[in-house]
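Reader: I have just opened my first protein model and would like to learn how to read it. Could you walk me through some features, one at a time?

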Amino acid sequence: MLSIDPLALTERDTYKFLIGSVIPRPIAFVTTRNGEIVNAAPFSYFNIVASHPPLVSVSIQRKDGVMKDTARNAVATEELVIHIVDETNVNLVNETAASLGPDESELDCTSFTLASSDVIATPGVNEAKIRMECVLHHHVPIEHEGVVTADLLVARVVRFHIDNALYEAGRIDAAKLAPVSRLAGNFYAELGKTFEIERPK
């Protein structure tokens, strides 16, 4: 087995090892607001933090120390909408990964349509089976050697929007959701085979 010191690697090599090892990763498709502009982008450094209160996290890497639009908008407005990426919308979501200026909406490059939020001012999109209106709970700048390299956003869910077809007796049907996850490079994965293992008592 290889034994590798990350200090001996380039940042790019470290990135490759991480995204190739921590798989599959759920994808957060995030909308934020910059005045009247709605920015949108996907992020696969995404997960649950807590259920009481309902918290999720999205880590957004900086480029040359510069905060990305999503992080900057979320910190400024203290709002964001997180959508779950699925087989029906993954191609549209991929289009929003284009590098545009802060005054341009990535949604203009797609056929996504805006969905008004109930609790916050930032809209979501209609073409997601699950979306979560969130308020910013914590912003943690990730610092390394005196430079901020990422922005960790911990967001509190203030409203769930769930497609009726997925919902039954307080549960979400994973097969009907058909979530898509991120692998390394340009690769994604579908839900695939599932299995159950009972926890020990």
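This is a predicted model: local features need pLDDT of at least 70, side-chain atom pairs count only at pLDDT 80 or more; totals for chains, interfaces and linings use all residues.

**Reading the model step by step**

Author: Residues are numbered from 1 along each chain as its sequence is written, and side-chain values use heavy atoms, with hydrogens and water left out.

Reader: Where does F17 lie?

Author: F17 lies in helix 1, residues 11–21. Helices (H or I, at least four residues) and strands (E, at least two) are DSSP runs, numbered from the N terminus. F17 counts as partly exposed because its relative accessibility is 43%; buried means under 20% relative accessible area, exposed over 50%, and partly exposed in between (1.4 Å probe, protein chains only).

Reader: How do I read a pocket, and what volume does the second largest pocket have?

Author: Rolling a probe the size of a water molecule over the atoms shows where empty space is left. On a 1 Å grid over the protein atoms alone, a pocket is an open set of points with protein on both sides within 12 Å along at least five of seven lines, whereas a cavity is a set where a 1.4 Å probe fits but cannot get out; lining residues have an atom within 4 Å of a point. Grid points are joined across faces, edges and corners, and a volume is the space filled by probe spheres set on the points. Here, the second largest pocket has a volume of about 700 Å³.

Reader: Which residues lie nearest the centre of the second largest pocket?

Author: They are I48, I84, I130, M132 and I172, out of 24 lining residues. Strand 4 gives the most to this lining, with five residues. The lining divides into 21 nonpolar, three polar and no charged residues. In that count, Ala, Val, Leu, Ile, Met, Phe, Trp, Tyr, Cys and Pro are nonpolar, Asp, Glu, Lys and Arg are charged, and the others, Gly among them, are polar.

Reader: How many salt bridges does a search of the whole structure find?

Author: It finds five, a salt bridge being a side-chain nitrogen of Lys or Arg within 4 Å of a carboxyl oxygen of Asp or Glu. One of them joins D151 and R62, with the closest N and O atoms 2.7 Å apart. D151 is in strand 10 and R62 in the loop between strand 5 and helix 2 (69–77), so the pair ties together parts that are 89 residues apart in sequence. D151 counts as buried, at 0% relative accessibility, and R62 as partly exposed, at 22%.

Reader: What about the backbone?

Author: P53 sits in the loop between strand 4 and strand 5. Now look at phi: D64 is not a glycine, yet has a positive phi of about 55°. D64 is exposed, with a relative accessible area of 76%.
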